[in-house]
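Trainee: Could you take me through the aromatic rings in this model? I would like a close look at how they pair up.

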Amino acid sequence: MIRTERIWRLQRFTGLVAMLLLALAMLLLFDGLRSGIFGSGDVRLIPGETYLVSGPLPPKTDRVQDFVIEGNAPDGSMRLVPEGTFTGYWFGGGMWRGHIATDSHPRPGSYVIKVRDRFGEKQNPALVFNVRVFASEEDRRLASPSMAMRWTGLEPFLLAAVFCVLGIMAGGGNFLLGMSWTSILREHGCGEVYRLKMVDGTWEVGVDMGRNSDVPVGATFRFTHPARGELGQGRVVSCERGKITLQVSPEASVRPGDIACPVHV
């Protein structure tokens, strides 16, 4: 009996853990997507860091030497440096690549860097870079749009993957414990309540006894629960493919998940 109750409690515990872990994984996934939306397009740098960028060539411009770049820090501590041109992979158009760099003592703040041609053509939005410079890694973490990053310093998608794997493992353990619990019930000729409904003023309870069970109509069953004790009795009114239906006295306090056993057990 002690082993039976231990398995039941462990199954319920692993089920709760699996639910919490998977819920945390979903919340972290949402946090990552939300922070990606609110932080999309921003380049976030700390002293001495470099960020690679690329984009289409400005109109009427074939060389990076002809770029007009606006928004670099006046002292050069944060700047965009174009490096060269290349042919686009998908449509074959002219592209350029470069990097945004900070020196060892940049001035923290927000910058907007624009790359355009020297002929005054309309500004291409793809050549506008929003840059935020932070004094330290800690400052950048605390200003992250992700709550997970602010609290732990770890990427929310990484944490979501970890919690998802742990949740699946806990769910697998819950499934195996559930099979063990069902096997113990079958050994004692018992079953678990899976349905409860009112019919003509009387509660009818559905109990799964297993495929090979043949229970005679009129047999008396008692209801019990590992945590709530004895709950009352009922009488079998039908049995079909291992699933029996019992009529329960009104004073019986039966719920789905309770256990039904023959009174002679």
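Mentor: Start with one term: a residue counts as buried when its relative accessible area is under 20%. Keep in mind that this is a predicted model.

By that cut-off, W96 is buried, and F129 is buried too. F67 is also buried.

Now the pairs. Searching the whole structure turns up 2 aromatic pairs. Take F67 and W96 to begin with. Their ring centres are 5.5 Å apart and their planes meet at 75°, so this pair is edge-to-face. Where do F67 and W96 lie? F67 is in the loop between β2 (50–56) and β3 (68–70), while W96 is in strand β5 (residues 94–102). The two parts are 29 residues apart in sequence, so the pair ties them together.

Next come W96 and F129. Here the ring centres are 6.3 Å apart, with the planes at 85°, so this pair is edge-to-face as well. It links distant parts of the chain: W96 belongs to strand β5 and F129 to strand β7 (residues 128–133), 33 residues apart.

F67, W96 and F129 make up one aromatic cluster. W96 has a ring pair with F67 and another with F129.

R97 lies over the face of F86, 4.1 Å from the ring centre. K60 places its charged end over the ring of F119, at 5.8 Å from the centre.

Definitions and conventions. Residues are numbered from 1 along each chain as its sequence is written. This is a predicted model: local features need pLDDT of at least 70, side-chain atom pairs count only at pLDDT 80 or more; totals for chains, interfaces and linings use all residues. Side-chain values use heavy atoms; hydrogens and water are left out. Rings of Phe, Tyr and Trp (its six-membered ring) pair if their centres lie within 6.5 Å; planes under 30 degrees apart count as stacked, over 60 as edge-to-face and the rest as tilted. Helices (H or I, at least four residues) and strands (E, at least two) are DSSP runs, numbered from the N terminus. Buried means under 20% relative accessible area, exposed over 50%, partly exposed in between (1.4 Å probe, protein chains only). A charge sits over a ring if NZ of Lys or CZ of Arg is within 6 Å of the ring centre and within 35 degrees of the ring normal.
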